Amino acid sequence: MSFARISQLWDEFWFSEVSPKCLALFRIFFGLLLLQFALFLVPDLFTWYGPKAIISASSIAEANPTVVLDLLNMAPQSNEWMLCIFGIFVLSSICLTLGFCSRFACAVCFMMLTSFYHHNPYLLNSGDSLMRLMCFWLIFCDSGAMWSIDERLARKKTNYKPKEKIAGWGVRCLQLQLVIVYFHAFVTKSPGWVWANGSAVYFASRLENLTRFPFPLDPNIEWISAAWTWGALFIEFSLFTLIWIKELRYYVLALALCLHLSIDWTMNIPQFEWLMIASLILFVYPNDLSQFLNWLKAKYLVMVKKNFAPGNG
């Protein structure tokens, strides 16, 4: 392969246009996860972020003197202002989900997520950090090009042309961000002795504070624990290597789906697994997504016709 061909492939990867379908579907699921995040905060909003929070704003500022973006500190310290800022976050999450002023709504969501993190970095986890990063890259994507209010409004304009293709570099950034997560997980886990000897899942099953439901297969049995452990490592390795091979992509995505659903079943880690599952949509081929949605539509129409046919009422 020549250098010219490598350069051409590099340009095609970053700068070729792509279908907006998968990105639009990801935007919808991501917006719903943002709303779920807001719902999680509601019961203890003032406890963690109010003017009389468990950790004061001055203590946070002393521990993190380099913080710049914290909208909660820029506003007057009162419950009313806290509710106003939180309401803006909820409203922008709804707008992003529906695809109304998508880029602006996404930018507001990013600033809000960053402010929540900087205002109390001891409350959130790495899953919340990933959500913030994905929100940042989504700003640079035309996520409202399809299945959105933005598209509906654009249809009313003269000389309207549907966007069958959009700039692909933003989608590539989202894909690579996800791939980096799996790469980091693999390279940090694999040298550890509990992962090397296959006992990592056994020890994970002993974390009672994170336990949700029992493992489908008993990790107390040595070979089952080893299968779970090494299987997870193989899947994470595949998700930054084999996933780029077209013939293997859907097998890798299926394994990833099984991995995240099993983790979500056994461990109480809010939102992280579902954020990873939603992000896998970005690797689905648009034509296959269209065929799947058409199949669902056909099944739905058959069901409706069957249930509302004369004589079934």
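These legends describe close-up views of helix packing, cavities and pockets in a predicted model.

**View 1. Helices α6 and α7 pack against each other.** Helix α6 spans residues 79-98, and helix α7 spans residues 102-119. Their axes lie 8 Å apart and meet at an angle of about 140°. That angle makes α6 oblique to α7. The crossing of α6 past α7 is left-handed. On the α6 side, the contact uses Met82, Ile85, Phe86, Ile88, Phe89, Ser92, Ser93, Cys95 and Leu96. On the α7 side, it uses Ser102, Ala105, Cys106, Val108, Cys109, Met112, Leu113 and Phe116. Sorted by class, this contact of α6 with α7 holds 14 nonpolar and three polar residues, with no charged residues.

**View 2. Helices α13 and α14 cross at an angle of about 130°.** Helix α13 covers residues 222-238, and α14 covers 249-266. Their axes are 10 Å apart. From α13 come Trp228, Ala232, Phe234, Ile235, Glu236 and Ser238. They meet Val252, Leu255, Ala256, Leu259 and Ser262 of α14. Eight nonpolar, two polar and one charged residues make up the contact of α13 with α14.

**View 3. Helices α2 and α15 pack at an angle of about 170°.** Helix α2 runs over residues 21-41, and α15 over 272-280. Their axes are 9 Å apart. The angle makes α2 roughly antiparallel to α15. As in the title of this view, the pair is α2 and α15, and α2 passes α15 in a left-handed crossing. Phe26, Phe29, Phe30 and Leu33 of α2 meet Trp274, Leu275, Ala278 and Ser279 of α15. By class, the contact of α2 with α15 counts seven nonpolar and one polar residues, and no charged ones.

**View 4. The largest cavity holds about 60 Å³ of space.** A search of the whole structure finds two cavities of 30 Å³ or more. The lining of the largest cavity includes Tyr49, Gly50, Pro51, Leu72, Ala75 and Pro76. Gln77, Ser78, Trp81, Met82, Ile85 and His119 also line the largest cavity. Helix α6 gives the most to this lining, with three residues. The lining of the largest cavity has eight nonpolar and four polar residues, and no charged ones.

**View 5. The second largest cavity has a volume of about 40 Å³.** Phe37, Leu113, Tyr117, Leu124, Asp128, Met131 and Arg132 line the second largest cavity. Helices α7 and α8 (126-138) are the elements that give two or more residues to this lining. Helix α8 gives the most, with three residues. By class, the lining of the second largest cavity has five nonpolar and two charged residues, with no polar ones.

**View 6. The largest pocket contains about 820 Å³ of space.** This pocket is lined by 32 residues. Closest to its centre are Lys189, Glu236, Ile263, Phe272 and Glu273. Six helices are labelled: α8, α10 (169-189), α12 (200-204), α13, α14 and α15 each supply at least two lining residues. Helix α10 provides the largest share, seven residues. The lining of the largest pocket divides into 20 nonpolar, nine polar and three charged residues. Glu236 also belongs to the contact between α13 and α14.

**View 7. The second largest pocket contains about 530 Å³ of space.** Its lining has 19 residues. Leu25, Ile277, Ile281, Val284 and Phe292 are the closest to the centre of the second largest pocket. At least two lining residues each come from α2, α14, α15 and α16 (286-307). The largest share, five residues, belongs to α16. By class, the lining of the second largest pocket has 18 nonpolar residues, one charged and no polar.

Key:
Residues numbered from 1 in each chain as written. Predicted model: local features only at pLDDT ≥ 70, side-chain atom pairs only at ≥ 80, totals over all residues. Heavy atoms only, no water. Axes fitted to C-alpha atoms, helices over the stretch in contact; angles between N-to-C directions. Helix = DSSP H or I, 4+ residues; strand = E, 2+ residues; numbered from the N terminus. Parallel < 35°, antiparallel > 145°, perpendicular 65-115°, else oblique. Left-handed = near helix turned anticlockwise from the far one by under 90°. Contact = heavy atoms within 4.5 Å. Nonpolar A, V, L, I, M, F, W, Y, C, P; charged D, E, K, R; others polar. 1 Å grid on protein atoms, 1.4 Å probe; cavity = no way out; pocket = protein on both sides within 12 Å on 5 of 7 lines; lining within 4 Å. Points joined across faces, edges and corners; volume = space filled by probe spheres on them.
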